[in-house]
Structures are given as structure tokens and as C-alpha cells.
Amino acid sequence: MIYLDYNATTPLCDVAREAMLPYLERLFGNPSSVHAAGRETRAAIDNARDKLAALLRVKPNEIIFTSGGTESCNLAVFGLARCRMQRGGHVISAKTEHHAVLNAIEHLEKHEGFEVTWLNVSRDGIIDLDQLADAIRPETRLVSIMSANNETGVIQPMREISHICRERGVLLHMDMVQSFGKIDADLSLVDAASFAAHKFYGPKGVGFLFLRSGLSIQPIMFGGAHENERRPGTENVAAIMGMAAAAEWVKQEREKEQEREQKLRDELWTRIAENVPDAKQNGANAPRLANTLNVSLLGIDSEMLLIALDLEGVCASSGSACMVGSVVASHVLLAMGLPMESARSAVRFSLGKWTTPDEIKAAGDAMRKIVDRLNTRKSAYAVA
């Protein structure tokens, strides 16, 4: 199997697995218990929080453990937007956000009286900074923009976005789920940021929200005083330990690894472009994550292509992995102005630490084989 879907999820690294094992076996105490077994796991959580805070250059009490990226984004959007007034207000986001942010903001708009400004993006997926500046008004409660897009890999101008929000006194949340471990996470630029362990070789089902000290947030769950009364529920100790270990591990030689993955990504694109004249890279002229290649293959349905790739032993995707296996036209590509035909023919390849040159060659050969076969069928149908 050739796995080229690292943006959907990553394999669990060895150091994360090793960090988790003791807490899946003998160290099973509830961290809220006052006895020795509970104190032992509470100390482990505190150590993991300290590790993550040190990596991100923030304070330990600014880390809130959650069940993953979706909950972290929901907590930031709902918790910060609802905090200042009982009902209503104004929120700004982009049309290309992950559904964890999109759907949360749509809920605020439809059910809680919020007004929303959806920012446009360029053909390469960069938000309109002038529109952002013009959209902020006195009742604006929150701006939520992802640092790097999960489908295209396009990196937003975080420093410029932060400057606009700081200048106007508006809170800024960034979804950093896809970018952590690939680019620098400068949390001095934001008020809140979301993370998910399984995107950086940690376990699934755990993540965290960075929330700047001094900011209040309304919880979105109820039933306990955990995480300083910001997120109730018994902590997933083993997963938290694995997440902290994976975060340290993925930061090692990060720049060197990203250079390696970029070369492999560009090699894959060269192989595809040589064999598919109508292929087009999406977001090619914008800064992108080094591991992400989003390609539209005009005239070829992405669902058909993904099935064919799977039969050849290649794992790829059409974009977000959070739509329960469905293959639909990408809202990200449509927001970038691509015609429906291009959006419906898009495939995302995402590379990672275990991607090899041989796998890239094999994936390129598989693409050539599949496209040749599909084109032969088209020609046969045309003659018939």
C-alpha cells in the first residue's frame, strides 16, 4: 500500500506509542481522584501540558485539552463568540475554512442571531486582506481563519491577518490543525488556536486549544470542573501523553523533513503533468505546505479516479476526510473560483515522514496507467 493521505491522518509514531503504553496498562487512575493512583496520572497530564507549552512558547494554563481538532475549533468559535453578550454579534471567517469552523459559524448565524461576513479568496486561495479590514466593525466578536488549508495546503498571511485584528482590537482564532509540525506555529499572533494530535503522528481522539491568558471562554460542554472549568470530562491520559510525545518528535529536524517532502511532492506533480496534459495544480502560485498536492484532472471524475488508485494500492483523497466517505465537489475549490468540472475532478495527495521516492514513482506510474485506461474507454465510447 502506498499511503498518500497524510492530511487525513498520520500513522502513530513509535515515541507516541511508547509514551501511551503505561497509561493503557498499570497507570489507569482517574486524574481527578485524590489517591495515589489519581495523583500519578494527574502529574502525567501536568507534565504533558508543560511540554506542549514549552514547544509552543506559551504558558501551561493556556493549553486546554480536548477530543481533537473539531472540538477545539467548536470551543473557540462558540466559546469566544458567545462570551461578551447574551445573543447576537458579528463574526468573520473565510469561505475556505474546514467544516469544524464553517458549520459552527453557520449555526451561530442561523440559530443565535449572529451576523457573519464570509471573506472571499483569490484564485490561489488567499483571503482578501482589504475585505477583512473593511469588514471589522464595533460589534465584531471574532475572526476565525485557518493557517493552512487542509485540501490545498495554501498558507494564509498570518502575520498580516494578526496585524489587522490587533489594530482593531478583535479576537483572532486560527485553525492550526493541518499546519502544526509543518510550519512554525507563532502563537504570539493569535488569541486562540486549535490542534489535533492525529495530524502530527499522535493518536486519534485528542487535541488541544490554545487560549491566551486573561481571555474568558464559555464552555460548550457541562458536567465537571476539568481544565479549569473550560472543558469538562475525565481526561484521556494515554492519548494526551502520546500527543505530547508526538509533538516533540515531529518538531525534530522539521525544516529538513519539509524540504524532503517538497521535493517528493514536486516530483509527483512532474510525473502527473507529463502524462496528463490537462492536469492543473490548485493553489500553485500561493505559499503552500510542502507535503500537499491538489490536482484537477479535467474530464476525469475524482471518485472514479480515487477508486482506481485504491485498486492500484494508492491511498489519496478528494479533500477533507470529515465528510463520512463522501466524494463531493470541494467547497474550497469552488470558493477559489474553479468551475464545477475542475472541482469535481480534483484529487489531493499528501505526503509524510514515511513517503519514499520509490512510492512517488509508483504512484506516478499508477496515475499514468489509470489515465491511459480511462482515455481508452472514452475513445471507445466515442467511436461506438
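Buried here means under 20% relative accessible area, exposed means over 50%, and partly exposed lies in between, with a 1.4 Å probe and protein chains only. By that scale Glu257 counts as buried because its relative accessibility is 12%. The model is a predicted one, in which local features need pLDDT of at least 70 and side-chain atom pairs count only at pLDDT 80 or more, while totals for chains, interfaces and linings use all residues. Residues are numbered from 1 along each chain as its sequence is written, and side-chain values use heavy atoms, with hydrogens and water left out.

Once residues up to four places away in sequence are set aside, Glu257 touches Gly352 and Lys353, contact being defined as heavy atoms within 4.5 Å. Along the chain, Glu257 and Gly352 are 95 residues apart, yet 8.7 Å separates their C-alpha atoms.

Helix 8 (residues 237-251) can be described through two helix pairs. In the first, the axes of helix 1 (residues 14-24) and helix 8 come within 8 Å and cross at roughly 160 degrees. This makes helix 1 roughly antiparallel to helix 8. For reference, axes are lines fitted to C-alpha atoms, for helices over the stretch in contact, and angles run from 0 to 180 degrees between N-to-C directions. Angles under 35 degrees count as roughly parallel, over 145 as roughly antiparallel, 65 to 115 as roughly perpendicular and the rest as oblique. The crossing of helix 1 and helix 8 is right-handed; a crossing has this hand if the near helix is turned clockwise from the far one by less than a right angle, and is left-handed if anticlockwise. On the helix 1 side, the residues that meet helix 8 are Val15, Ala16, Ala19, Met20, Tyr23 and Leu24, and their counterparts in helix 8 include Met241, Gly242, Ala245 and Trp249. By class, this contact of helix 1 with helix 8 holds 13 nonpolar residues, one polar and no charged. The classes take Ala, Val, Leu, Ile, Met, Phe, Trp, Tyr, Cys and Pro as nonpolar, Asp, Glu, Lys and Arg as charged, and the others, Gly among them, as polar.

In the second pair, the axes of helix 2 and helix 8 come within 9 Å, with a crossing angle of roughly 25 degrees. Helix 2 is therefore roughly parallel to helix 8. The crossing of this pair is left-handed. The contact of helix 2 with helix 8 divides into eleven nonpolar residues, one polar and three charged.

Lys251 itself belongs to helix 8 and is partly exposed, with a relative accessible area of 23%. Beyond its neighbours within four places in sequence, Lys251 is in contact with Leu55 and Phe180. Ala366, 115 residues from Lys251 in sequence, is 32 Å away in space, C-alpha to C-alpha.

Gln156, in the loop between strand 5 (140-146) and helix 6 (158-168), counts as buried at 7% relative accessibility. The side chain of Gln156 reaches the backbone nitrogen of Ile127 at 3.0 Å. Outside four places in sequence, the contacts of Gln156 include Gly125, Ile126, Ile145, Ser147 and Ile161. Asp128 is placed in the loop between strand 4 (114-119) and helix 5 (129-135), and at 33% relative accessibility this residue counts as partly exposed. The side chain of Asp128 reaches the backbone nitrogen of Gln131 at 3.0 Å. Asp128 and Ala94 are 34 residues apart in sequence and 9.2 Å apart in space, C-alpha to C-alpha.

Finally, the backbone has some positive phi values. Arg57, in the loop between helix 2 (36-56) and strand 2 (63-66), has phi near 60 degrees, a positive value in a residue other than glycine. Arg57 counts as exposed, at 54% relative accessibility. Glu227, in helix 7 (residues 226-229), has a positive phi near 50 degrees and is likewise a residue other than glycine. At 6% relative accessibility, Glu227 counts as buried.

Key: Helices (H or I, at least four residues) and strands (E, at least two) are DSSP runs, numbered from the N terminus. A polar contact is a pair of N or O atoms within 3.5 Å; within protein, one must be able to donate a hydrogen and the other to accept it, and residues adjacent in sequence count only if both atoms are side-chain atoms.
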